[in-house]
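Subject: A structure to look at, with notes

Hello,

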Amino acid sequence: MRIVRHYEHGAPAVLRVEEVERPQPGPGEVLIRSEAIGVTFAEVQRRQGIPIGGHADLPGAPGGDVAGIVEELGEGVSNVEVGDRVVVDVDHGAYADYVVADSAWIITIPETMDAAEATLLPSPAQTAYHAIKEAGQLQPGETILIDAASGGVGHLAVQIAKAMGAGKVIATASTQAKLDFVRSLGADVTINYTDEDWDEQVKAATDGRGADVVLETVGGDILTKSVQLTAQFGRLVFYGSASGNIQPIHPLALSRMKTVAGFALYAMLYNKPEAIAAGQRELLDMIGSGKVRPIVHERLPLEDAVKAHELMEARAQLGKVVLIP
């Protein structure tokens with residue numbers, strides 16, 4: 001079978017397709033024949049040598065969200081059967097024809113669900129959902145500010161926030177095309193965060209009080225200003241650093257009863273399985289009812305993994321970039 005690996009850090013061109021033996025599932029694991037593989041920006045950073053959200057060890061074999069068919073069960077697996085259509089986050093070796101995954105994290109998907117769209121369920125949709133609900137504790141009628149709103153997580157967060165009853169969704173992005181995209185998904189206010197006065201535009205949109213919930217994944221100066229744009233008694237949720245630059249937050253910046261919460265999906269998976277299960281059910285309902293639409297920007301053959309990473313590095317995607325074996 002084919003798998004994508006890299007033996008050095010650097011540009012997308014370090015990725016290479018290799019032939020290897022098909023893996024075998026161990027106890028509690030399943031073997032999945034891949035139908036679609038979601039590409040994440042965290043893996044772009046790890047390929048560059050930036051250990052955001054995990055290690056950046058060599059040799060590397062990028063992880064990702066894999067949708068496919070269960071081919072074989074490891075010892076003790078009882079929650080899925082051979083032939084089931086599933087999707088799961090695979091932390092290593094995801095760009096491959098076959099993957100092995102922990103059965104405890106698997107999401108069974110309907111036969112009618114598109115495999116490429118399903119790749120948004122494990123990481124992007126659950127990150128957006130739980131960052132808003134568990135960490136951000138969004139209440140109906142509140143205002144939410146979503147930075148980098150056109151990406152794999154951000155475009156879902158816009159829709160999920162609306163479905164949860166947000167009073168106003170303010171979405172930031174870096175180009176007019178991206179702003180038009182998130183507005184089409186339900187954002188009430190769109191702001192280009194490359195504008196020098198983007199923070200003043202957010203203040204104007206909130207009558208000077210700031211947002212009740214802020215989802216921040218850019219880092220750098222955007223994070224610093226986002227703390228300032230969090231309302232009194234508001235909650236800022238930090239779930240990544242696309243810039244690779246994380247600025248310190250001074251405690252005095254939080255003195256107006258503001259809260260900064262870090263978010264990691266793995267912490268939820270390991271410690272709050274009931275919340276994860278409930279979130280999966282609600283997300284499937286949101287997608288099934290049309291309240292949330294997973295958007296696939298481009299479907300590329302597995303051998304075009306280099307192009308997929310180039311798209312991600314260029315911040316050119318609207319929604320998700322997916323590899324098709």
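Of the 325 residues in the chain, 55% are buried, where buried means under 20% relative accessible area, exposed means over 50%, and partly exposed is what lies in between, with a 1.4 Å probe and protein chains only as cover. Please keep in mind that this is a predicted model, in which local features need pLDDT of at least 70 and side-chain atom pairs count only at pLDDT 80 or more, while totals for chains, interfaces and linings use all residues. Residues are numbered from 1 along each chain as its sequence is written, and side-chain values use heavy atoms, with hydrogens and water left out.

**Overall form**

The radius of gyration of the chain is 19 Å, which agrees with the value near 20 Å that a compact globule of 325 residues would have; this radius is taken over C-alpha atoms, and the globule rule is 2.2 Å times the number of residues to the power 0.38. Along the principal axes, the C-alpha atoms fill a box of roughly 60 × 40 × 35 Å. The secondary structure comes to 10 helices and 15 strands, which are DSSP runs numbered from the N terminus (helices are H or I with at least four residues, strands are E with at least two). Among the contacts with a separation of 6 or more, 67% are between residues 24 or more positions apart, a contact being heavy atoms within 4.5 Å.

**The cores**

The largest nonpolar core has 87 residues, and those with the most contacts inside it are Tyr-95, Leu-121, Ile-132, Ile-144, Ile-160, Leu-215 and Leu-323. The largest share of this core, seven residues, is supplied by helix H3 (residues 121-135). Such a core is a set of buried Ala, Val, Leu, Ile, Met, Phe, Trp, Tyr and Cys residues joined through side-chain atoms within 4.5 Å. If residues up to four places away in sequence are not counted, Ile-144 touches residues that include Ile-132, Leu-138, Ala-161, Val-213 and Leu-215.

Helix H4 (residues 154-163) is largely enclosed by the rest of the structure, because eight of its 10 residues are buried. The buried residues of H4 pack against H3, strand S8 (143-146), strand S9 (168-173), helix H5 (176-184), strand S11 (211-216) and helix H9 (273-289). After H4 comes Gly-165, whose phi is positive, near 95°.

Helix H1 (residues 41-48) is also largely enclosed by the rest of the structure, since six of its eight residues are buried. Those buried residues are Phe-41, Glu-43, Val-44, Gln-45, Arg-46 and Arg-47, and helix H10 (305-313) is included in what covers them. Just after H1, Gly-49 takes a positive phi of about 100°.

**Aromatic rings**

A search of the whole structure finds three aromatic pairs. Rings of Phe, Tyr and Trp (its six-membered ring) pair if their centres lie within 6.5 Å, and planes under 30 degrees apart count as stacked, over 60 as edge-to-face and the rest as tilted. Trp-105 and Tyr-266 form a tilted pair, at 5.5 Å centre to centre with 45° between the planes. This pair links distant parts of the chain, 161 residues apart, with Trp-105 in the loop between strand S6 (98-102) and strand S7 (107-108) and Tyr-266 in helix H8 (residues 265-271). Trp-105 counts as buried because its relative accessibility is 18%, whereas Tyr-266, at 31%, counts as partly exposed. Together with Tyr-270, Trp-105 and Tyr-266 form one aromatic cluster.

**Backbone details in the loops**

Leu-58 and Pro-59 are joined by a cis peptide bond, with omega about -5°, and Pro-59 lies in the loop between H1 and strand S4 (64-73). Ala-148 is not a glycine, yet its phi is positive, at about 50°; Ala-148 is found in the loop between S8 and H4 and counts as partly exposed at 23% relative accessibility. Asp-207, likewise not a glycine, has a positive phi of about 55°. Asp-207 is located in the loop between helix H6 (198-205) and S11, and is exposed, with a relative accessible area of 75%.

Best wishes
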